[in-house]
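Have the structure open as you read.

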Amino acid sequence: DDVRVKDLVLSFLPGLSHETLTSLLNGLQELGVENKEDLALVQERDLEQYLRPIQCRKLLNGFQGLAVGQLDLVPVTSSAHAPSSSNTPCTIPATSPCTQEPVSSPSFQLGRPWHADFQVNWARMPAAIRRAIANKTRPSPGDRKDMVKAVVDQMLEHEPNPTRAICHSVVRSIIRSHPECFADVAKNGDVLGDGCYSLLQQIKTRVEYKNRNNTLGRRRRERRPRSEVPDEGRAMQRGPVDQYGCVRWGPLEIPPGETEASLDGIKRQLLDIYSKEGMSGAERADPLMEKTYVIQRRYLNSVPPPTIAVLKEEWPFLFSPRGFFSHFTLLTDIPILTKFREALDRKGNTIMRFCQEVKCHQRVKSVLTCFEPEDSEKAACILLLVMAYFKEPKDAIVLEVDTCATATDIKSTITLTSTPRLIVQGNTTRPRAWMLSLDGEVVVGPHPDFTTGLCAIFASYYNLNLQYAEDAACTLEFIQRCFLGINPEAGTKSKRHKGQINQQVCTFIRKLIDFEWMTE
């Protein structure tokens, strides 16, 4: 029955992430749901903590249909003895002579959404795609576009404007059948999210293009009521953007053998170490910081959030590089410095070759011209290439100052923004040292090694519950997905792309994957 309930939920909400689905199924079990008949008794308030309002209503509408008792939602297998009356709905799997795979049938089981049984008719695909599938190779970008057009044409035979969730359901089916041909998988085996992102983007974009003149078929977003609290008010609430990509955002259990009082005592011990040793005591403080992680998160997640100045007084070791990285690892399960260096070694050269060999705009060429392999900082060059590719301003992440400038000099000569900035002493590609500014104050540094500084600025967005800087959102999400492998199925830390994966980032990663497969 658990499997059956899971299938029912996915038939009504095909785009649901694995994490949300698991939480929802556990919640239904706690409510006492034992079979599909019990689902008709579920109410909206039972689902609110797991789903968004529209998702709740879609699911409840589906559950209420179960109460009628006339529709069987379990897939029906074809039978030789099934009646052949034209009034009886049935599913008869067709077979493609090209691939010997089932293809889409015009008839689907009554009461079951069409996309749940939809299968691509590969016999109607261009010859190049059929060859790629037969040989289990990746098609060229041009052939892949032709495949997208053919798939969308088949989908539109069933619905004039499929939703993103329906597109996701179809794409997942394609990826499951032919991962080596269409999945977002690099040559070294790295998978971008669930492997569907880029194909989903192409399919949905094609659907929207086909509906460009279909005003009746357009899907419009629900308007917010005028009485809704404005952005300033919503900033006082914690939401998905804060927890995005985290595995221990709001831990509740304190470490074994500890109490609230003992953790407060450890915090006082940390402040004592700092008062005597300053940041040089960061290594000694590291195990104590890990032990007090639960109360650090509680403080960071409080509403309203503490200012950076107050936070630095309460938890000074959070602002050492070691403190930044240890906290980020506990928060996301990712050892950021190690993972970033490995990704830089593996993917940095691919990015540079892509920018050298593929037609790019002038700003990308300018970065390449200034790069000298023997003398330049490779991590800085990769960062500047990515920012140039997305046409984002360099000073959205990096600020250059004099090689001898101190934190006091910077504060008196530069207007620092509230969002994080990596302050580089000297030229970005040949940095002497780096500092980090938050909320208009220099809070970390100076320290050597540019890569460490780049990891520190990225970690600050997660550790401190910050949205990505709007004019650096593409670059930061690229680092998140391509270098660190943080790939939630939905959402973003960008205000501009709230609720959706950044399409520019998705496209760039797909182009890099295609380039890697086609050239190596």
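## A buried glutamate and its partner

Glu-258 counts as buried, at 18% relative accessibility. The cut-offs here: buried is under 20% relative accessible area, exposed is over 50%, and partly exposed lies in between, using a 1.4 Å probe and protein chains only. Glu-258 pairs up with Lys-291 in a salt bridge, 3.7 Å from N to O. That term means a side-chain nitrogen of Lys or Arg within 4 Å of a carboxyl oxygen of Asp or Glu. Lys-291 itself is partly exposed, with a relative accessibility of 34%.

This bridge ties together distant parts of the chain, 33 residues apart. Glu-258 sits in the loop between helix H12 (240-243) and helix H13 (260-277), while Lys-291 belongs to helix H14 (residues 282-291). Helices are DSSP runs of H or I, at least four residues long, and are numbered from the N terminus.

## What the model is

You're looking at a predicted model, where local features need pLDDT of at least 70, side-chain atom pairs count only at pLDDT 80 or more, and totals for chains, interfaces and linings use all residues. Residues are numbered from 1 along each chain as its sequence is written, and side-chain values use heavy atoms, leaving out hydrogens and water.

How many salt bridges does a search of the whole structure find? The count comes to 17. One of them joins Arg-57 and Glu-44, whose closest N and O atoms are 3.7 Å apart. Here too, distant parts of the chain are linked: Arg-57 is in helix H4 (residues 53-68) and Glu-44 in helix H3 (residues 44-47), 13 residues apart. Arg-57 is partly exposed at 39%, and Glu-44 is partly exposed at 28%.

Then there's Glu-277 with Arg-284, where the closest N and O atoms are 2.5 Å apart. Glu-277 is partly exposed at 32% relative accessibility, and so is Arg-284, at 49%.

Mean pLDDT (the predictor's confidence in each residue, from 0 to 100) is 81 for the protein, and 83% of its residues reach 70 or more. Residues 67-110 have pLDDT below 50, and this stretch makes 63 contacts (heavy atoms within 4.5 Å) beyond near neighbours in sequence. Residues 220-236 are also below 50, with 9 such contacts in the model.

Technical notes. Helix = DSSP H or I, 4+ residues; strand = E, 2+ residues; numbered from the N terminus.
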